[in-house]
Amino acid sequence: MSNRSFSDKDEQPSVMNRTRDIMALTCLIFLILSKFEMASGKVLEETYQKWVQYKEDCVKMILNDPLPQVGFFCNRTFDKYACWPDTPAFSEVNISCPFYLPWYDKVSQGVVRRRCGSDGHWERDDSGQVWRDMSQCEEEKEVTSQELWFKQLMVSFRMLYTVGYSLSLFMLITALIVLLSFRKLHCFRNYIHANLFLSFILRAVSVIVKDTMLERHWGREIMKQTDVREILSHQAAIGCRIAQLMMQYCVLANQSWFFGEAIYLYSVLIASVFMDNNKYLRYILLGWGTPLLFVVPWVVMKLLKENKECWALNENMGYWWIIRFPILLASLINFLIFMKILKVIFSKLRASNQTGYPDYKLRLAKATLTLIPLFGIHEIIFIFATDEQTTGVLRYTKVFFTLFLNSFQGFLVAVLYCYANKEVRTELRRKLGNWRIKAETVCCGK
């Protein structure tokens with residue numbers, strides 16, 4: 001009869017400390033990463049927790065189950081993948097697929113196998129490793145191909161909005177410089193536009209930084225045992241959590257300045273709102289202060305209830321509504337103001353163009369298309385198609401249009417309200433003319 005042991009080479013469970021746990025998890029993560037370049041943070045953390053529970057249950061079995069009384073047998077062991085009982089010589093043992101596998105629901109009926117040799121030792125393959133058949137516990141190829149397709153789609157989406165935000169960032173920065181550099185362009189309307197441009201710039205930067213921090217946090221290679229522990233630590237997640245916090249603030253600030261633009265135009269065309277001596281301060285508080293009323297409670301709930309990973313996942317959608325609600329509310333109010341302003345523009349254009357009916361309709365269409373990006377009206381398209389309700393093609397369609405419109409919207413706003421603005425073009429031509437005259441004077445002499 002074989003001596004009792006706890007692994008293939010007489011491991012003792014008493015020395016299976018946390019360092020060995022991390023080393024074992026490293027092997028498991030390599031198994032998962034053999035199919036994916038980057039593991040989801042949630043999958044990684046949950047897999048680790050379940051693996052630890054599985055290992056602890058196995059150690060209890062190893063310590064407490066009675067030994068076989070007769071014959072040769074292969075010793076009970078935990079090989080960092082599955083828990084094996086004492087197995088008689090000349091036999092094969094089947095163990096259910098480990099429950100910690102991320103795809104366990106799909107392979108719960110499968111088994112992993114080992115063979116016990118005639119000498120009471122586990123059989124080994126040609127490479128000298130203990131033989132193990134875990135083919136029934138692997139993911140189905142069809143599922144893997146679907147996940148690969150989904151991953152490629154998400155990569156394409158990311159490339160799309162990265163290009164959009166980068167292009168918008170360049171156009172917005174130059175537009176902001178133009179508005180602030182020329183004194184003749186300094187007016188209340190352009191101050192509102194400048195703050196909107198700045199909110200777009202901060203939103204683009206925060207999204208790019210957030211993606212970089214997430215990739216840095218979850219995309220690092222697992223080369224040694226300390227890497228897994230570092231990835232799962234709260235200290236390692238601080239950077240990407242701060243990036244996530246800043247992105248949420250910048251998105252809300254951007255939406256607040258959409259709202260500010262709508263209120264300003266409503267004040268000019270229809271009714272007086274925020275039109276006293278402190279009107280600019282009120283717009284500043286609305287645009288940059290209002291987001292704090294929602295971001296701070298969201299951070300508190302994340303810290304107390306969902307302090308996991310990089311705060312990128314929303315297990316309880318109720319907390320996500322703290323951020324989503326003001327965006328949807330502002331979008332609805334903007335849409336109502338948009339319709340009211342269009343009605344006023346329609347009435348004024350029709351009254352002043354009785355003889356040129358087709359012309360005023362064209363001007364109305366132009367005004368409509370100009371106001372849509374300024375008010376963020378595109379948000380209304382999927383306002384009732386929430387993340388919880390959309391699946392399949394509808395969800396992918398929503399994600400595509402949302403990412404495309406949000407990323408390129410800054411570019412469109414910069415073009416419409418700076419580069420295509422007649423007042424801005426006139427001032428640019430005047431400045432360029434003055435610079436040309438000065439350059440000719442310097443070049444050609446007195």
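# Rings, sulfur bridges and one lysine

A search of the whole structure turns up 19 aromatic pairs. Rings of Phe, Tyr and Trp (its six-membered ring) pair if their centres lie within 6.5 Å; planes under 30 degrees apart count as stacked, over 60 as edge-to-face and the rest as tilted. Keep in mind that this is a predicted model: local features need pLDDT of at least 70, side-chain atom pairs count only at pLDDT 80 or more, and totals for chains, interfaces and linings use all residues. Residues are numbered from 1 along each chain as its sequence is written, and side-chain values use heavy atoms, with hydrogens and water left out.

**Aromatic pairs**

- A pair of aromatic rings is described by the distance of the centres and the angle of the planes.
- Tyr 54 and Tyr 100 have ring centres 5.3 Å apart and planes at 75°, so this pair is edge-to-face.
- Those two tyrosines link distant parts of the chain: Tyr 54 is in helix 2 (residues 41–64), while Tyr 100 is in the loop between strand 5 (91–96) and helix 3 (104–107), 46 residues apart. Helices (H or I, at least four residues) and strands (E, at least two) are DSSP runs, numbered from the N terminus.
- Are Tyr 54 and Tyr 100 buried or exposed? Both of them are buried. Buried means under 20% relative accessible area, exposed over 50%, and partly exposed in between (1.4 Å probe, protein chains only).
- Tyr 54 and Tyr 100 also belong to a cluster linked by ring pairs, together with Trp 51, Phe 78, Tyr 81 and Phe 99.
- Phe 157 and Phe 400 make a tilted aromatic pair, 6.1 Å from centre to centre with 45° between the planes.
- Phe 157 sits in helix 4 (residues 141–181) and Phe 400 in helix 12 (residues 392–419), so their pair ties together parts that are 243 residues apart in sequence.
- Phe 157 counts as buried because its relative accessibility is 9%, whereas Phe 400, at 33%, counts as partly exposed.

**Charges over rings**

- Arg 114 lies over the face of Trp 122, at 4.9 Å from the ring centre. A charge sits over a ring if NZ of Lys or CZ of Arg is within 6 Å of the ring centre and within 35 degrees of the ring normal.
- Over the ring of Trp 321 you'll find the charged end of Arg 324, 4.5 Å from the ring's centre.

**Disulfides**

- A disulfide is a covalent bond between the sulfur atoms of two cysteines.
- How many disulfides are there? The count comes to three, using the rule that a disulfide is a pair of cysteine sulfur atoms within 2.5 Å.
- One of them joins Cys 58 to Cys 83, with 2.0 Å from S to S. The angle about the S-S bond is 85°, and this link is right-handed.
- Cys 58 is in helix 2 and Cys 83 in strand 3 (residues 83–84), so the bridge ties together parts that are 25 residues apart in sequence. Cys 58 is buried at 2% relative accessible area, and Cys 83 counts as buried at 14%.
- Cys 74 and Cys 116 form another disulfide, with sulfur atoms 2.0 Å apart. Their link is right-handed, with 95° about the S-S bond.
- Cys 74 belongs to strand 1 (residues 73–74) and Cys 116 to strand 6 (residues 111–116), so this pair connects parts that are 42 residues apart in sequence. Cys 74 is buried, with a relative accessible area of 0%, and Cys 116 counts as buried at 2%.
- Cys 97 and Cys 137 form a disulfide too, their sulfur atoms 1.9 Å apart. Here the link is left-handed, with -90° about the S-S bond.
- Cys 97 lies in the loop between strand 5 and helix 3, and Cys 137 in the loop between strand 6 and helix 4, so the pair ties together parts that are 40 residues apart in sequence. Cys 97 is buried at 3%, and Cys 137 is buried at 1%.

- Cys 187 counts as partly exposed, at 22% relative accessibility, whereas Cys 418 counts as buried, at 0%.

**A closer look at Lys 210**

- Lys 210 has its place in helix 5 (residues 188–218). With a relative accessible area of 14%, Lys 210 is buried.
- Which side chain does the side chain of Lys 210 make a polar contact with? That partner is Asp 211, at 3.0 Å. A polar contact is a pair of N or O atoms within 3.5 Å; within protein, one must be able to donate a hydrogen and the other to accept it, and residues adjacent in sequence count only if both atoms are side-chain atoms.
- Not counting residues up to four places away in sequence, Lys 210 touches Ala 243, Gln 244 and Met 247, where contact means heavy atoms within 4.5 Å.
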